[in-house]
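The exercises below concern spaces inside a protein and the residues around them. Work through each task with the model in view before reading its solution.

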Amino acid sequence: MLSLCLPTAMMDSNKMTINLVLFGMTQSGKSSAGNILLGSTDFHSSFAPCSVTKDCSLGRSCHFHSFMRRGGQEVTLQVQVLDTPGYPHSRLSKKHVKQEVREALAHHFGQEGLHLALLVQRVDVPLCEQEDSSPVQMIQELLGHAWKNYTAILFTHAEKIEEAGLNEDEYLHEASDTLLTLLNSIQRRYIFQYKKGNSLNEQRLKILERIIEFIKENCYQVLTFK
Ligand SMILES: Nc1nc2c(ncn2[C@@H]2O[C@H](COP(=O)(O)OP(=O)(O)OP(=O)(O)O)[C@@H](O)[C@H]2O)c(=O)[nH]1
């Protein structure tokens, strides 16, 4: 059963832990995005013509001291990221992936709660239009009716937008109706992740700042899984 609450245990006055889960199609860049968020290489990320990740795994970042201020106090941030098998998966059924992720969400975030699900989506791959095999459908089924308040899109391979001579706004302007409808339904929460250019540290800061904005807009509420 899913419920919403304010995570008092997770946020004392000067330390905050944020809990994130990564969803997305096979090879969309989930593990790589997880590593950027954690500032580590905890998750196995590699190019393959099939799905690499078969199991869920949780990674924890080190503590980012004085990452932000809250109520006049400096806050130390820790990030926890749950990496999941891609969906559609090249070897595992939908039922299997869903069960695996459901159990992992309950195990890792059952009590503490989930702040945000990131739908990891390559900019150069159209969003899956088939409802039944779409990662969006998986998010809805696992997060329940409040999924729209707890989901953001992380666009990976964003350097391809520049290579095509576009900027982010022009890319979104050209987006399919399916993607635009999804973006509107999640209050246009999106982040672009670039492989080239900025250092990984700069990228992590930029992405984390956006994520914290989304979490603040949600008044730090979490989804719990019991
Ligand atoms: N150019 C570029 N390559 C990326 C980006 N993100 C990920 N990659 C590469 O894409 C490949 C797949 O990345 P992963 O992070 O393993 O993807 P995944 O979604 O975890 O893959 P599965 O576990 O197979 O579902 C790797 O070679 C990454 O280095 C990006 O933003 N830009």
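**Exercise 1: the second largest pocket**

The residues that line the second largest pocket fall into five nonpolar, six polar and three charged. The model is a predicted one.

Task: Find the volume of the second largest pocket and the elements that line it.

Solution. 
- Step 1. Start with the volume, which is about 220 Å³ for the second largest pocket.
- Step 2. Look at the lining, which has 14 residues; Glu131, Ser134, Val136, Gln140 and Thr178 are the closest to the centre of this pocket.
- Step 3. Assign the lining to elements: helix 3 and helix 6 (177-185) are those that give two or more residues.
- Step 4. Pick out the largest share, which is the four residues from helix 6.

**Exercise 2: the largest pocket and the ligand**

Task: State what takes up the largest pocket, and describe the lining of that pocket.

Solution. 
- Step 1. Locate the ligand: the space it takes is the largest pocket.
- Step 2. Read off the volume of the largest pocket, about 420 Å³.
- Step 3. Among the 22 lining residues, Gln27, Ser28, Gly29, Ser32 and Ser45 are the closest to the centre of the largest pocket.
- Step 4. Sort the lining by class, which gives three nonpolar, 15 polar and four charged residues.
- Step 5. Ask which element gives the most to this lining; with three residues, the element is helix 1.

**Exercise 3: the shell around the ligand**

Task: Describe the residues around the ligand, then list polar atoms of the protein that lie by ligand oxygen atoms.

Solution. 
- Step 1. Count the shell: 20 residues surround the ligand, and Lys30, Val52, Thr53, His157 and Glu159 are the closest.
- Step 2. Divide the shell by class into three nonpolar, 14 polar and three charged residues.
- Step 3. Find the element that gives the most to the shell: helix 1 (residues 30-38), with three residues.
- Step 4. Turn to the backbone. A polar backbone atom of Gly29 is 2.9 Å from an oxygen atom of the ligand, and for a backbone N or O atom of Ser28 the distance to a ligand oxygen is 3.1 Å.
- Step 5. Turn to a side chain. Gln193 has a polar side-chain atom 3.5 Å from an oxygen atom of the ligand.
- Step 6. Consider the area: the ligand taken alone exposes 660 Å², and 88% of that is buried by the protein.

**Exercise 4: the largest cavity**

Task: How many cavities of 30 Å³ or more does the structure hold, and which residues line the largest cavity?

Solution. 
- Step 1. The number of cavities of 30 Å³ or more is two.
- Step 2. The largest cavity has about 40 Å³ of space.
- Step 3. Its lining consists of Phe23, Gly24, Thr84, Pro85, Tyr87, Val97, Val101, Pro135 and Met138.
- Step 4. At least two of the lining residues come from each of strand 3 (15-24), helix 2 (94-109) and helix 3 (135-143).
- Step 5. By class, seven residues of the lining are nonpolar, two are polar and none is charged.

**Exercise 5: two points in the backbone**

Task: Is the peptide bond from Tyr87 to Pro88 cis or trans, and is phi of Gln27 positive or negative?

Solution. 
- Step 1. From Tyr87 to Pro88 the peptide bond is cis, with omega near 0°.
- Step 2. Place Pro88 in the fold: the loop between strand 6 (73-83) and helix 2 contains this residue. Tyr87 is also one of the residues that line the largest cavity.
- Step 3. Gln27 has a positive phi, near 65°, and is a residue other than glycine.

Terms used: Residues are numbered from 1 along each chain as its sequence is written. This is a predicted model: local features need pLDDT of at least 70, side-chain atom pairs count only at pLDDT 80 or more; totals for chains, interfaces and linings use all residues. Side-chain values use heavy atoms; hydrogens and water are left out. On a 1 Å grid over the protein atoms alone, a cavity is a set of points where a 1.4 Å probe fits but cannot get out, and a pocket is an open set with protein on both sides within 12 Å along at least five of seven lines; lining residues have an atom within 4 Å of a point. Grid points are joined across faces, edges and corners, and a volume is the space filled by probe spheres set on the points. Ala, Val, Leu, Ile, Met, Phe, Trp, Tyr, Cys and Pro count as nonpolar, Asp, Glu, Lys and Arg as charged, and the others, Gly among them, as polar. A residue is near a molecule or strand if one of its heavy atoms lies within 4 Å of it. A polar contact is a pair of N or O atoms within 3.5 Å; within protein, one must be able to donate a hydrogen and the other to accept it, and residues adjacent in sequence count only if both atoms are side-chain atoms. Accessible areas come from the Shrake-Rupley method with a 1.4 Å probe; for residues, only the protein chains shown count as cover. A molecule sits in a cavity or pocket if more than half of its atoms lie within 2 Å of its grid points.
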